Amino acid sequence: MSSTRKLNDNEYKAVPYSYCTKWNDRELKFVRTMMFTVEEINRNPQLLPGISLGYRIYNGCGSENLIRAAIEAVSREESVCSGRIQALLGHSSSGVSKDINLLLSPLSIPQVSHLSTCACLSDKNLYPTFFRTVPSDRFQVLGLVQLMKYFDWRWVGIIYSSTLYADKGTSEFIEEAMKEGICVEYRLLYMKTENQKAIVKILRESSSKVVLLFMSLSYTKSFLSKMESYNINGKHWVGSESWITQQDLASLERRNILHGAMGFALPDASIPGLGEFLLDLKPSDEPDNGTVKAFWEKFFDCSFSPTNASNLCTGAEDLKAVSNDYTDATNLRAENNVYKAVYLVANALHSLLQCENGVNPTTGNSCVNKSDVQPRMVLRHIQYVNFTTKNGGKVLFDDNGDSVAQYDLVNWHINDDGSVEILNIGQYDTSFPEGKKLKLRDDANIVWGGNSTEVPRSVCMEPCPPGTRKASNKNKPVCCFDCFECPEGTISNQTDSPDCLACSPEFWPNAKKDRCLPKPTEFLSYKDIMGALLTAFSCVGVFFSFLTFLIFLTHKETPIVRANNSELSFLLLISLKLCFLCSLTFIGRPTEWSCMLRHTAFGVTFVLCISCVLGKTVVVLMAFRATFPGKNIKLFGHAQQRLSVLALTLVQVLFCIIWLCTNPPFPAMNLKYYKEKIILECAVGSAVGFWGVLGYIGLLALLCFILAFLARNLPDSFNEAKLITFSMLIFCAVWISFIPAYVSSPGKFTVAVEIFAILASSFGLLVCIFVPKCYIIIFRPEKNCRKHLMGKIPSRTL
C-alpha cells in the first residue's frame, strides 16, 4: 500500500476502488499503523497545535493505481479540500519507490519509505527527495559480512531472486565480502517458474556449509515451498531482513532448512495502543470501504454477498481468533518504521511552522504561514530532523537520506511439532565504533543449522597453520589458496602468513617452524665421549711423563742417565708434561683467557720441548764427530745448552707476545659451517701469528730431524741419535698431516684434531726417546754400565 499525506484543518479519509485479486496482510497492517499514528499526533497538543493531519490511501497492487497515485500526488488541485499534499509515505517495495520518486523529485515532494531497503535509493543525484526510516540494505549487507567474518564463514553460497532488492543486495554483499576475504562458491538465481533441480544439485554437491538466502518475502515463500520436498541437509541458512522474522514460513517439512536459520531483523519495538487499534477493526466502522470488506472475507473465509458463499460474513467476527500477519501484535518491527515515518513528517512540519522574532529558528529564513506551506519547505526541514518518538525510536538522517541502522540478530528454533521461536541473540548497530558494531548476547542460546552441535566450519581451505605460508592459486578463488611449508631456516608464527621470515643468525626454527629458538652451541666438552677420551689420554701422558721423570731421578747416577745428558732429559720430561697439560686448555667452553692461553701455552711448551731435543741432538753430534775428543763438548757445554734452549724458547715467547698484543685469539661463534647449530671456537685472531707460531715449531722440528738423521750411523750401543730421529720423524709426520685435517675438520673436531696432534707428537717423543732407556734401567740393569755404553761389550738383541 502507498499513502500520501496532506496538511489540513480537518481530517480527511478516502479509499479508492480495489483492483486487487490478492491481498497482503502486512500492507493492511502498515496502513492501519499509519492511521493510528495520525490520530495519535492529532491528539497531541504539543505537536502541530491547532493543525490536523489528513491522508489519502492508494492501493499499490496494480500499475494503474501506481500511476494514478503519482499523478494525484503531484497535482496541485484537490477536488475535496483546499489542502495540498506535502509528503508521500511508501512504498514497501524498493522498485516501486524508485519509480515513484522519479515522478516526485522534479517537484521537490518528499517521499518517506518504511520498507524500501535497496542501497541504490541512497543516490541523491537520482533520488534527491527520497528518505526512509528503514536502514539501507547497504548496512544490512555490511552486517551480514561481519556476521560471516565473526563466525569465520569464508566460503558461502548465495541464492537470490530477480528483484531489485535481491539483485542489488547480492551484488553489494559479494563486493563487500571480497574485501574481508570471504568467497562465494556459487550465486544461484531463483525463478518461480523454472525447475529447481539444478539448485538442489548444486546445494548437495557444494562444499560450503553456509547459504545466504537473499530474497523478498514472496519469493522466499515460493522457494521454501518447492525445497521442502527435497532432503536438503548439512547447510546453515542465513536470511535477509525481508523474511527472517516471518514465523508463518515455518513448518515441520521445512525444519531441515529453517531450523537454526540466522539473520538480521529490524529492531523489535513496542507501540502502546497499536495492537488494540488493529484488532478493533470492523467492517461496520467503514461501510463504504471495499478494501476492508475484502480483507475481512479473506481473514474469515466468508462472504458479505449471500448469493456467492455458503459461509456468510456477519461483520461481528472476532479478529483475535485469527492468526496471521495482520493480527500479530507482538511483531511490530516494520510497523515501527511506519510509526516513525509519520512522526518524521509531523516533526518536519512542526519545525517549519516555528517562528521566533519573525524568523524560523532552524533555517533562519522568514516565518511561514500554514496556508503557504510547500513540499520543498517540508523537504528541507526533513533533512534537519533529529527527534525521539514516544516509544524511544531515534529518527535522524545522514547525507544520503538514510537513518541510523540498527538490527537484531535472530535465530530460528523450530520445535518437533513445527512451531517456531525466533530468538534475539545479538545486535548490529552502525553507531558503534568499528569492531564493536556486532555484538552477541552473553546468554544467547544459538541453534546451528545442518544438525551441527557447534559453529559450522565453512571454508574452502583450512587456514594455513604457523610454519607454512599462504599462496594464492590463480585458477581458484582467493579463499581456495595453497599452503606451503616454510623453507629451511625460516618460520611463520601466525595463521595464513603470506611470507616466511628468516631467523636471525643465532636462532633456528623449531620442528614446527613456528618459532625461532636459540641454536644449540657445540664445543668440545669434558662431558663428550671424545672430550673425555682426550682428557684421559692427556692425563695418561702426564702420568707416564712423571713416572719417567721419577725413574730417571732415582737412577740419575747410572751411566745411561748420565750419558744421555740428564739435565736436558729432565727439562725435556718437564716440557712433555706441560705439553700434555696444555692439551687440556683446548677442552671446554672457549673464553677470552682460555683462547689466549691454549695457543700460546701450546706454542711455548712445544718450542721448549723441541729445543731440548735439539740440544740433545747437537750434543750427540759434537761428541761423536769430534776430531779431538772432549773439545767440542766443552764448546757446547751445560751453560751453552741452557742458553740455546732459553734463546730458542724466548724467540717463541716474543712471537706470542706480539701476537697477543696485536690481534690475539678470541672466542667466536661459527655460524657458517652448520645451519642448525653454533660452533663455539677460538678464532686465531691474526692468521700470521698463528701460522708463525706453528711454522717456528715446524722449523725447529725439521732442523732437529736433519741433525738426528746425520747422526743415525753412530754406534748401536749408543742409540740416542737414532731414537731422536724416530721421534722427530713421528713428530713431523703428525704435524704435516695435521694441517689438512685441521683445515677440513668441522666444529669441535677441529679442536679434537689439534689435541690429537699435540698428544700424538708428545707421546712420540716420550716413547721413542725415554721408553727404551727405562726398559734398560728397569728390566736390563746389566746393560746400564759404562762398558756397554762405550761398546766394550758386544751388543745383544733385546
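Helix 11, residues 333-352, comprises 20 residues and spans 29 Å from its first C-alpha to its last, close to the 28 Å expected at 1.5 Å a residue. The model is predicted.

**Nonpolar cores**

- The largest nonpolar core contains 95 residues.
- Within this core, the residues with the most contacts are M34, L147, M148, W153, F173 and M262.
- Helix 11 supplies the largest share of this core, namely twelve residues.
- Leaving aside residues up to four places away in sequence, M148 is in contact with W153, V156, F173, I182, V210, L212 and V238.

**Aromatic pairs**

- The model holds 27 aromatic pairs, counted with ring centres within 6.5 Å.
- In one of these pairs, the ring centres of F543 and F544 are 5.5 Å apart and the planes stand at 70°, so the arrangement is edge-to-face, the class for angles over 60 degrees.
- Both partners fall in the intermediate class of accessibility: F543 is partly exposed at 48% relative accessibility, and F544 is partly exposed at 38%.
- F549 and F570 also form an edge-to-face pair, because their planes meet at 65°, with the ring centres 5.1 Å apart.
- The pair of F549 and F570 connects distant parts of the chain: F549 belongs to helix 13 (residues 529-554) and F570 to helix 15 (residues 566-582), and the two are 21 residues apart.
- F549 and F570 are both buried, whereas F543 is partly exposed and F544 is partly exposed.
- A single aromatic cluster is formed by Y150, F151, W153 and W448.
- One member of that cluster, W153, is also listed among the residues with the most contacts in the largest nonpolar core and is touched by M148.

**Charges over rings**

- The charged end of K577 sits over the ring of F549, at 4.7 Å from the ring centre.
- F549 therefore takes part both in the edge-to-face pair with F570 and in the arrangement with K577.
- K677 lies over the face of Y674, and the distance to the ring centre is 4.2 Å.

Notes
Residues are numbered from 1 along each chain as its sequence is written. This is a predicted model: local features need pLDDT of at least 70, side-chain atom pairs count only at pLDDT 80 or more; totals for chains, interfaces and linings use all residues. Side-chain values use heavy atoms; hydrogens and water are left out. Helices (H or I, at least four residues) and strands (E, at least two) are DSSP runs, numbered from the N terminus. The expected span of a helix is 1.5 Å times one less than its number of residues. Rings of Phe, Tyr and Trp (its six-membered ring) pair if their centres lie within 6.5 Å; planes under 30 degrees apart count as stacked, over 60 as edge-to-face and the rest as tilted. Buried means under 20% relative accessible area, exposed over 50%, partly exposed in between (1.4 Å probe, protein chains only). A charge sits over a ring if NZ of Lys or CZ of Arg is within 6 Å of the ring centre and within 35 degrees of the ring normal. A nonpolar core is a set of buried Ala, Val, Leu, Ile, Met, Phe, Trp, Tyr and Cys residues joined through side-chain atoms within 4.5 Å. Contact means heavy atoms within 4.5 Å.
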